[in-house]
Amino acid sequence: MESAIFDRGYYIIDSIMRPNFFHHIHPPTIPAEQSRWRYTLGAGGTAIFLTLVLIITGVLEMFYYVPTPDEAALSVQTLSFLVPFGGLVRNLHFWAAQLLLIVSAVHLVRVVFTGAYAPPRRFNYLLGLTLFILAILLDFTGYILRWDQGIQWALVVGVNLVKTIPLVGEQLYVFLVGGSQPGSVTLIRFYAWHIFGLMLLAAIMTVWHSFRVRRDGGIAVPPPELRADPARISRFELVRREVTAMLLTGAALLLLSVFSPAPIAPAITDVNAITGDARAPWFFLWVQQMLKWGDPFLWGVLVPVLLLLILALIPYVLPRPAQNEVGRWFIRSNRLAQVVLAVMALLVILLTLLALLPAA
Amino acid sequence: MTRRPFLAACLLLLIAIGLAWWLEARTPQPVAITPSLTGETEYCLTCHADLAEISPSHPLETFGCVTCHGGERLALEADLAHSSMRGGANPSDLSVVEQSCGGGDCHAGSPAEQRDHIQRVMTSIQVNYTGAVTSIRYTFGAQPDQTPIYGALAVTDTSLPSQTGILRLDLFDPSTETNPSVRAFGEKCLTCHINAEPADGEQYYRYTGCAACHTPLTPPPLPLAGEGQGVRGIHTLTTAIPYTQCNTCHNRGNYDLRTMLFVERTDQPTRRIDDYYQPIAQFVQCEWTLDCVDCHTRIEAMGDGDIHATKASIQYTQCKTCHGTLTELPLTKTLTDPEDIAFRLAFLNPVVDLEIGDTILVTEKGEPLWNTRFLPDGTYEMVGKATRQLFTFRPVMGSGCTQNGQDQSSAYCHTCHAVER
């Protein structure tokens, strides 16, 4: 009954129901088209929910995590095995981080494939892309904080890649690692970046990105005169949909956490003597695969940076999505952008799968 | 949007929360122990509470588990907890023994305090097997003389000066040998030095390293459920080593030098006299009623720090060690120092109640035969280290024996004292 009223464009419900804080931070009504699952996939909202989960579980983890080389892995073991629900909290943090990358990627694909980055949303597209990069960096720094044998390879290889950058590589390496090779200073730097530097940036960018969504007219749909469906929904309906997505994501997170615990490995004895798995975290497997082809700067730094640059330039150099098509999947007007992203995504997926194959 | 998807999502989340809660409730309560030696809490007992303490000289509250075994002391997930264990289930394997048994100078300490067990074992014939390697290489022309060059383990003598003059052994690598017989020896016959995996068969079953001798597996342990999962060992370390443990290597058969195959003994002994040795020789009563460790000393079994190449150069216990000769009584020593090594050894295997003032037999190298005692009536008693059986015996001096005291070869004494079997 309620939804039928609003589908007809009535929005008198604010005078019947008192909006609470969460209702209040939403617009009173939005076009129904903006909140259709099949259009948005709920990716942006889910990413925000995952970020909240990450902040809450991360703060809880900070009560037990000890950022020193001798204690880090042991404190992770203490949290995982000895603190009541500590393992669950860690698993939730891990899975929220992994899902955030996936959901962010899905969000990016949705934005490109529906032409949602069309002006005036080009700048917000760049903010989103920056957030995606920050999420990857947060994931990587968090991964390093385990400081166990499972992360040694990625740490040593990852920071060595920085060294290969011409002119500034050496300085950047020392800045990141805190010395001529990974050691105790490295851990505290990664810790500081993870919980403060990157986190602060990500928090600011998330708020800015969300603000710009609202400022740019909400989720991209055609202007009112070109809209196929004039229906609107109230903030109550919108919040209910968002909460439903959160509940489902929360359930998925819990099930993943219960059935597939976060990786953990024995404590490191010598950080520079790699004894564990020589494998990058899954989101960098595609880079690891390319590193097998030769020059580390070319394949490990230049190519990934070029791919990011291409992504950033999509709204500025490729044919723009048509106003009347925005908000629908696989539109004609920006087909080239879709092809570029699809090729890049397939390439990354293919390289990841290749890296997962057992060595010949 | 109706409320149905919202309610379904609520239900799903509640189910997920319930599941997480239920699994948390099922997690076993961690069992902590903080060994006094490390002061670091470990949780191995959460799963291994039923494991008996390994020996009275390694009390759990002092050593815990991680001191010897390594492993992740805080992990309650089996794979992770066991992932960094030293030597798998056997931390005494020689590849890790320095870190486990040798940690904290327990068994890798100073020779003066007689805590250099690992250094001595590494150079002993039980480990290097160099006598056999050298003989075979010499026999088949791979080396011009019987100078020991290779051993089953590369080792350097660090306890100079060396009485044997052998300062190092290189690793014997059969794959580099050109003579097929030497290569075959290397491939088929290196199962007896104590760090080698034993041959297949219940009669050979033992661990490697220190546990090869100090963890007697008699009767052989039960196989674990399922194929290929190894054998469940027993958690024991002892100096009360029965002859059956020595027999997992010794007295099992002979090598056929033509085929380079080990020919197992085929008899099925039911009496100890037959079981003790393979049926090729004569023996006096004490050679088969006692256990090997009742006569053969720590130095003979574990070495003296020099690299030895032959049994003859390290085995020195003879009949006269306990019985003396017609002109000399066996060597004895009256215990006056509470720090005497004899008390430490008797503490490890308390088959006798040694006291200050007791007179015990000693070897010509001064090693105490701490399980013996000189009695006021001029006789001696010995308590079996593994059996706790009491034996009394007399010296040769004053008996009707007509021996030539200079000849201590077993064949010479067997002439009169061999037991028929």
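# Questions on a predicted two-chain model

The place of A:Leu41 is in the loop between helix H4 (37-40) and helix H5 (43-62) of chain A. The model is predicted.

Visitor: Is A:Leu41 buried, partly exposed or exposed?
Guide: A:Leu41 has a phi near 60°, a positive value in a residue other than glycine. A residue is buried if 20 or more other C-beta atoms lie within 10 Å of its own, and exposed if 12 or fewer do. A:Leu41 has 18 C-beta neighbours inside 10 Å, so this residue counts as partly exposed.

Visitor: How is B:Asn251 classed, buried, partly exposed or exposed?
Guide: B:Asn251 is placed in the loop between helix H11 (243-246) and strand E4 (253-256) of chain B. Its phi is positive, about 65°, although B:Asn251 is not a glycine. Because B:Asn251 has 16 C-beta neighbours inside 10 Å, its class is partly exposed.

Visitor: What is the omega of the peptide bond from A:Pro119 to A:Pro120?
Guide: A:Pro120 is found in the loop between helix H7 (86-113) and helix H8 (122-145) of chain A. The peptide bond from A:Pro119 to A:Pro120 is cis, with omega near 15°.

Visitor: How is H6(A) oriented to H7(A), roughly parallel or roughly perpendicular?
Guide: Two packed helices are described by the angle between their axes and the distance between the axes. For helix H6 (residues 72-82) of chain A and H7(A), the axes come within 5 Å and cross at roughly 115°. Angles of 65 to 115 degrees count as roughly perpendicular. H6(A) is therefore, relative to H7(A), roughly perpendicular.

Visitor: Which residues of H7(A) make the contact with H6(A)?
Guide: The residues of this contact divide into three nonpolar, three polar and one charged. H6(A) contributes A:Leu79, A:Ser80, A:Phe81 and A:Leu82. From H7(A) come A:Gly86, A:Gly87 and A:Arg90.

Visitor: Which helix gives the most to the side of chain B that touches chain A?
Guide: The contact takes 24 residues from chain A and 23 residues from chain B. Helix H1 (4-26) and helix H5 (78-83) of chain B each supply at least two residues of the chain B side. With 12 residues, the helix that gives the most is H1(B).

Visitor: How many residues of the side of chain B that touches chain A are nonpolar?
Guide: The side of chain B that touches chain A includes three polar and three charged residues. Its nonpolar residues number 17.

Visitor: What separates the centres of domain 1 and domain 3 of chain B?
Guide: The domain assignment of chain B gives domain 1 (27-85), domain 2 (114-265) and domain 3 (316-419). The C-alpha atoms of chain B fill a box of roughly 115 × 60 × 45 Å, taken along the principal axes. Taken over C-alpha atoms, the separation of the centres of domain 1 and domain 3 of chain B is 41 Å.

Visitor: Among contacts in chain B between residues at least 6 apart in sequence, what percentage join residues at least 24 apart?
Guide: Chain B has 18 helices and 13 strands. Buried residues make up 33% of its 421 residues. Among its contacts between residues at least 6 apart in sequence, the part that joins residues at least 24 apart is 54%.

Visitor: Is B:His107 buried or exposed?
Guide: B:His107 lies in the loop between H5 and helix H6 (117-123) of chain B. Leaving aside neighbours within four places in sequence, B:His107 is in contact with B:Cys101, B:Gly102, B:Arg115, B:His117 and B:Ile118. Its C-alpha atom is separated by 29 Å from that of B:Cys322, 215 residues apart along the chain. There are 20 other C-beta atoms within 10 Å of B:His107, so this residue is buried.

Visitor: What distance separates the C-alpha atoms of B:Thr38 and B:Thr67?
Guide: B:Thr38 is in the loop between H1 and helix H2 (45-48) of chain B, and counts as partly exposed with 16 C-beta neighbours inside 10 Å. Not counting residues up to four places away in sequence, B:Thr38 touches B:Gly64 and B:Thr67. B:Thr38 and B:Thr67 are 29 residues apart along the chain, and their C-alpha atoms are separated by 7.6 Å.

Visitor: Over which residues of chain B is the pLDDT below 50?
Guide: The model scores ipTM 0.85 and pTM 0.83. The mean pLDDT of chain B is 87, and 93% of its residues reach 70 or more. A stretch with 11 contacts in the model, beyond near neighbours in sequence, has pLDDT below 50: residues 221-232.

Notes:
Residues are numbered from 1 along each chain as its sequence is written. Chains are lettered from A and ligands numbered from 1 in the order in which they are written. This is a predicted model: local features need pLDDT of at least 70, side-chain atom pairs count only at pLDDT 80 or more; totals for chains, interfaces and linings use all residues. Two residues are in contact if their C-beta atoms, placed from the backbone, lie within 7 Å. Helices (H or I, at least four residues) and strands (E, at least two) are DSSP runs, numbered from the N terminus. Ala, Val, Leu, Ile, Met, Phe, Trp, Tyr, Cys and Pro count as nonpolar, Asp, Glu, Lys and Arg as charged, and the others, Gly among them, as polar. pLDDT is the predictor's confidence in each residue, from 0 to 100. Axes are lines fitted to C-alpha atoms, for helices over the stretch in contact, and angles run from 0 to 180 degrees between N-to-C directions. Angles under 35 degrees count as roughly parallel, over 145 as roughly antiparallel, 65 to 115 as roughly perpendicular and the rest as oblique. Domain bounds come from an automatic or database domain assignment.
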